[in-house]
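Reader: I have a structure here that I would like to go through with you. Could we begin with the ligand and then turn to the rest?
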Amino acid sequence: MFEGITNALTDVLGSFRGQLTESNIRDGMGKVRNALLEADVAYDVAKAFCDRVVEEAVGEKVLKSLRPEQQIVGIVFQELVNLMGPVDHSIEVRRGETTVLMMCGLQGSGKTTTCGKLARMLKEQGAKPMLVAADLQRPAAIEQLKVIGEQIGVPVYSEDPAKSNPVQVCVNGRKAAGQQGCNLLILDTAGRLHVDDALMKELQEIDNKLMPHQCLLVCDAMTGQDAVKSAAAFNEALELDGVIFTKLDGDTRGGAVLSVKEVTGVPIKFVGMGEQLDKLEPFHADRMAQRILGQGDVATLLETAQKVLDQDEMARQQEKMLAGKFTLDDFLKSMEQITKMGPMKSLMKMIPGMGQLSQAIDEAQGMDPDKDVKRLRAMIQSMTLDERQNPDKIDRSRKSRIASGSGTEPQQVTELLKQFKTMSGMMQKMAGLSMMDRFKAVRG
Ligand code: GDP
């Protein structure tokens with residue numbers, strides 16, 4: 001995501017070295033503007049953004065400062081943050097009261113999935129959610145919501161679509177929530193292929209009757225300007241409290257994410273980063289700005305690590321590393337843990353300085369961490385216990401045996417042993433450093 005914009009920004013900002021003049025800055029920001037347009041940022045937004053940066057950057061204070069190029073990076077960062085923020089993602093759920101969230105969006109935007117993701121996230125935070133199947137438009141939506149509800153252990157209220165209507169389903173859903181002690185109601189309303197009057201009328205009726213605490217629009221970030229246009233239309237009819245962009249894990253060019261707040265005034269509250277129900281993240285304008293500038297996102301990386309990694313297991317492995325007792329079995333466990341955090345490519349982008357490299361790296365190596373870990377497992381499981389603990393014993397003939405046992409080549413076994421050596425060496429060096437120092441060490 002954002003590859004085009006990040007490349008243009010890093011190129012241009014990197015070229016602002018040495019003699020920096022007003023015309024350099026104007027030329028550079030002209031290139032940035034083109035990259036923004038190519039990434040499907042709305043024209044007015046791209047122009048205003050670049051004009052603001054130029055206006056601030058050509059001031060005496062910046063040009064005459066000691067490191068003007070650094071100041072300009074700071075200005076671009078701040079303008080990106082202003083463009084996308086501020087955001088308040090809090091959703092207040094009180095005891096003894098039913099908080100109602102109305103979710104809307106076009107068909108295929110990911111609305112039903114996002115209802116499930118949000119219910120899961122808020123349940124983890126202590127809420128007692130209930131999902132309401134008020135999408136009577138798409139034939140499979142009710143069934144889909146029931147399946148999702150089952151997966152996350154959240155009740156789903158539904159009625160026979162032939163005998164009911166969306167407003168009635170929502171009203172009865174709220175009653176059912178009260179009876180079942182649920183304090184959060186998430187309404188999965190109907191979508192259409194395009195914004196139309198019938199859809200808006202139906203949503204307004206629900207809005208008037210239920211008076212939801214928040215009305216959130218789910219938008220597919222891959223649809224670029226269309227997403228922004230539909231957000232404007234929904235906002236006009238419903239006064240949205242926030243937008244949730246889905247499919248940011250895909251190769252969206254990112255224009256909608258940069259444009260929607262400025263065009264509609266509605267902030268992005270959450271972003272969907274995958275099809276699975278745990279792939280929803282609160283949206284942080286500053287973190288997103290850092291990613292766009294290719295500066296990584298250590299905060300999200302650490303949060304993800306804390307959430308998905310088995311902390312006890314990681315601590316055990318770290319102790320072993322420090323004591324020099326890290327074995328190939330531990331190596332396999334670490335690799336398995338790391339793949340739990342998500343695709344290697346998106347992880348690497350969160351490490352400062354790696355954003356630019358990640359594309360080159362995975363293009364060059366065609367990295368597929370899941371496949372790599374499977375191969376790793378096969379090789380390590382073909383070793384004897386003694387070999388796993390003392391990899392130095394693995395000579396040429398043992399390598400051939402391991403390779404034929406795991407359906408790999410001896411060369412790949414050599415590669416694995418080399419990786420293991422590098423990793424245990426690196427880990428031993430890092431084990432003594434604080435978390436921030438580690439990232440600095442990775443950055444080089
Ligand atoms: P609805 O018609 O708006 O209710 O859309 P669905 O919830 O059925 O989602 C449409 C498709 O988008 C499904 O295949 C979802 O798995 C997929 N989807 C939803 N959110 C995301 C996301 O954040 N990333 C990706 N890659 N796919 C998503």
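This is a predicted model: local features need pLDDT of at least 70, side-chain atom pairs count only at pLDDT 80 or more; totals for chains, interfaces and linings use all residues.

Reader: Which residues come nearest to the ligand?
Author: G110, K111, T112, T113 and G272 come nearest, out of 19 residues around the ligand.

Reader: And what is the shell made of, by class?
Author: Twelve of its residues are polar, six are charged and one is nonpolar.

Reader: Let us change topic. How is the chain divided into domains?
Author: The domain assignment gives domain 1 (3–84), domain 2 (99–295) and domain 3 (300–443). Between the C-alpha centres of domain 1 and domain 2 there are 34 Å.

Reader: How many residues does each of these two bring to their contact?
Author: Domain 1 brings 16 residues and domain 2 brings 20 residues. On the side of domain 1 that touches domain 2, α1 (3–15) and α5 (68–84) each supply at least two residues. Helix α5 gives the most to that side, with six residues. By class, that side of domain 1 has twelve nonpolar residues, three polar and one charged.

Reader: What about helix α11, and why is it largely enclosed?
Author: Helix α11 (residues 255–264) is largely enclosed by the rest of the structure because eight of its ten residues are buried. Among them are G255, V257, L258 and K261.

Reader: Which elements do those buried residues pack against?
Author: The buried residues of α11 pack against α3 (43–57), α5, β5 (214–220), α10 (225–238), β6 (242–246) and β7 (268–272).

Technical notes. Residues are numbered from 1 along each chain as its sequence is written. A residue is near a molecule or strand if its C-beta atom, placed from the backbone, lies within 6 Å of it. Ala, Val, Leu, Ile, Met, Phe, Trp, Tyr, Cys and Pro count as nonpolar, Asp, Glu, Lys and Arg as charged, and the others, Gly among them, as polar. Domain bounds come from an automatic or database domain assignment. Two residues are in contact if their C-beta atoms, placed from the backbone, lie within 7 Å. Helices (H or I, at least four residues) and strands (E, at least two) are DSSP runs, numbered from the N terminus. A residue is buried if 20 or more other C-beta atoms lie within 10 Å of its own, exposed if 12 or fewer, and partly exposed in between; C-beta atoms are placed from the backbone.
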